[in-house]
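Dear colleague,

Please find below the structure for your review. A short account of the findings follows it.

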Amino acid sequence: MFKLLRNIKAKTSAMLVGDWLILIASSVLVIVLFQHLWSHEHATTVQIRLGDTVYGTYSLNQQRDIHVKGTLGTSTISIMNGKARFSQSPCHNQYCVHQGWLSRSGQAAICLPNQLSLELVGETKHYDSLNY
């Protein structure tokens, strides 16, 4: 560990001013590109699907619980403060409940055993590798 730190210190002490400027400019460019390309907008609505049909679309600007009867039983989807989540589900593993609150456009939670899913939708729909 100390040998690695000594090697890094020896290599950085040999760097010139231009090397530091390129390193700093590259770091700033990566941060700007990351914020511009990877940040998603906040969602405005949640779309709930039961099987292959849309059960309902609800605004995220409200506070309510929605009870949806799936194939295993009734799941509860909570909407609060611009976020949505599965708060209760009859499925065994509770992966959908453990996913927690969703707030960004494009995020989704799925309860496969109960054939229920929710997807957050923003002003514009973003495309990813699955949307062709």
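Strands S3 and S4 (residues 74–80) run antiparallel and are joined by six bridges. Please note that the model is a predicted one. Within this pairing, His 67 has Thr 76 of S4 as its bridge partner.

The two strands belong to an open sheet of three strands, ordered S3-S4-S5, with antiparallel pairing. Strand S3 (64–69) and S5 form the edges, each of them pairing on one side only. From one strand to the next, the twist averages 25°.

Is Ser 89 buried or exposed? Its relative accessibility is 12%, and residues under 20% are classed as buried; Ser 89 therefore counts as buried. Apart from neighbours within four places in sequence, the residues in contact with Ser 89 are Ser 75, Gln 94, Cys 96, Val 97 and Cys 111.

A further finding concerns the surface. Met 1, Phe 2, Leu 4, Leu 5 and Ile 8 make a nonpolar surface patch of about 600 Å². One of these residues, Leu 4, lies in helix H1, which spans residues 2–13. Leu 4 has a relative accessibility of 49% and therefore counts as partly exposed, as the exposed class requires over 50%.

Yours sincerely

How values were computed. Residues numbered from 1 in each chain as written. Predicted model: local features only at pLDDT ≥ 70, side-chain atom pairs only at ≥ 80, totals over all residues. Heavy atoms only, no water. Buried < 20%, exposed > 50% of the residue type's maximum accessible area, 1.4 Å probe, protein only. Contact = heavy atoms within 4.5 Å. Patch = residues over 30% accessible without salt bridge, like charges linked within 9 Å, V, L, I, M, F, W, Y side chains within 5 Å. Areas by Shrake-Rupley, 256 points an atom, 1.4 Å probe, with all protein chains shown as cover. Salt bridge = Lys/Arg side-chain N within 4 Å of Asp/Glu carboxyl O. Helix = DSSP H or I, 4+ residues; strand = E, 2+ residues; numbered from the N terminus. Pairing = 2+ DSSP bridges. Axes fitted to C-alpha atoms, helices over the stretch in contact; angles between N-to-C directions.
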